[in-house]
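Please keep the sequence and the coordinates at hand while reading.

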Amino acid sequence: MTLAEIAVLLGLNLALILAVMVGLWGVSLRLRDVSFIDAVWPTGMVLLALATLVRTEGDGTRKWLLVWLCAVWGLRLGWHLFLRWRANGSDRRYEEIIAGQQEARGWSFARVALLYVFLPQAVLLWLTCLPVQLGQVDYMPAVGWVGWAGAVLAVIGIAFESIGDSQLKHFRADPANKGKVLDTGLWRWTRHPNYFGDACVWWGLWLIAAETGAGRWAIVGPLFLTFTLTRWSGIGISEKGAEDRRPGYADYVARTSAFIPWPPKKQA
């Protein structure tokens, strides 16, 4: 594909996800809740992977490798987050965003939800999943050892995230654990195995794409995701107030790696 054709492809994909988000914004107005957007994030990436699949003529093995890995990751995570939203209801993070902007700007729920949740999420989703878009463009070369190493890394990430989510789900399901800190299993090695798994998936998908000329430029996707998880809206927001809600969390933070799995520190 020429640069102009790639630009059109990416532009159409962006328009598609913007249209989906505007439609879901309408749903949020009826529910008075935007929290389901978390479940839309991974499934929206699957949608863009499929939309790219039918409009490109890249290497078939690479295309299906990218699409299937993205689909397994995205559909599993999307369903998990959807069930969590149905069980727990509105997320305090989004409640704080909506309330804060309403108070600061005097805006309506509808305006804040559109401009601070749905439209930004559409653009950032599109940006993050550039590997599964640009990776499907070029016909040559065939998938090599870098691409297969990326596939292995993505599978490891899917497994790591899935196991971490399962361990946390079972821990929270036991009423005896209310207010306690999960520090066993994968959570003994990292405070956020789900985030680490996410990063592995998208760095793996980028490695598959990076063997092609267009795919190399998609590195902005995993770079942005890693920044988001570690420095912006991931670890910081999820741990906000955790020490107040769960006694012992400060000790857990002191001995446990925030992101990359690592043996816990021995405390004096």
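Which residues form a nonpolar patch on the surface? The structure under discussion is a predicted model, and in it the patch consists of W64, W68 and V72, which together have about 350 Å² of accessible area. W68 belongs to helix α3. With a relative accessible area of 55%, W68 is classed as exposed, because the threshold for that class is over 50%.

The charged side chains come next. Side chains of opposite charge can pair when their charged atoms come close. In this model there are seven salt bridges. One of them joins D38 to R93, with 2.5 Å between the closest N and O atoms. D38 is part of helix α2 (residues 37-53), while R93 is part of helix α4 (residues 92-105), so this pair ties together parts that are 55 residues apart in sequence. D38 has a relative accessible area of 17% and is therefore buried, since buried means under 20%.

D183 has a relative accessibility of 29% and counts as partly exposed.

Aromatic side chains provide another set of pairings. A pair of aromatic rings is described by the distance of the centres and the angle of the planes. The structure holds 12 aromatic pairs. One of them is made by F196 and F259 in an edge-to-face arrangement, with 5.8 Å from centre to centre and 75 degrees between the planes. F196 lies in helix α8 and F259 in the segment after α13, so the pair ties together parts 63 residues apart in sequence. F196 is buried at a relative accessible area of 17%, and F259 is buried at 13%. Elsewhere, F36, W79, F82, W85 and F118 form one aromatic cluster.

How many disulfides does a search of the whole structure find? The search finds zero. The distances between sulfur atoms show why for two of the cysteines. For C129, the closest cysteine sulfur is that of C70, at 6.7 Å, which is too far for a bond. The sulfur of C200 also has C70 as the residue with the closest cysteine sulfur, but at 16 Å, again too far for a bond. The cut-off used for a disulfide is 2.5 Å between the sulfur atoms. C129 is buried, with a relative accessible area of 0%, and C200 is likewise buried, at 9%.

M1 is found in the segment before α1 (3-31) and is partly exposed, with a relative accessible area of 39%. Apart from neighbours within four places in sequence, M1 is in contact with I6, L9, T56 and V137. By comparison of sequence and space, M1 and R62 are 61 residues apart along the chain and 16 Å apart from C-alpha to C-alpha.

Two details of the backbone complete the account. The peptide bond from M140 to P141 is cis, with omega near -5 degrees, and P141 is located in the loop between α6 (130-134) and α7. R32 is not a glycine, yet it has a positive phi of about 55 degrees. R32 is found in the loop between α1 and α2, and at 53% relative accessibility this residue counts as exposed.

Methods:
Residues are numbered from 1 along each chain as its sequence is written. This is a predicted model: local features need pLDDT of at least 70, side-chain atom pairs count only at pLDDT 80 or more; totals for chains, interfaces and linings use all residues. Side-chain values use heavy atoms; hydrogens and water are left out. A salt bridge is a side-chain nitrogen of Lys or Arg within 4 Å of a carboxyl oxygen of Asp or Glu. Helices (H or I, at least four residues) and strands (E, at least two) are DSSP runs, numbered from the N terminus. Buried means under 20% relative accessible area, exposed over 50%, partly exposed in between (1.4 Å probe, protein chains only). Contact means heavy atoms within 4.5 Å. Patches are made of residues with over 30% relative accessible area and no salt bridge: like charges are joined within 9 Å, nonpolar side chains (Val, Leu, Ile, Met, Phe, Trp, Tyr) within 5 Å. Accessible areas come from the Shrake-Rupley method with a 1.4 Å probe; for residues, only the protein chains shown count as cover. Rings of Phe, Tyr and Trp (its six-membered ring) pair if their centres lie within 6.5 Å; planes under 30 degrees apart count as stacked, over 60 as edge-to-face and the rest as tilted.
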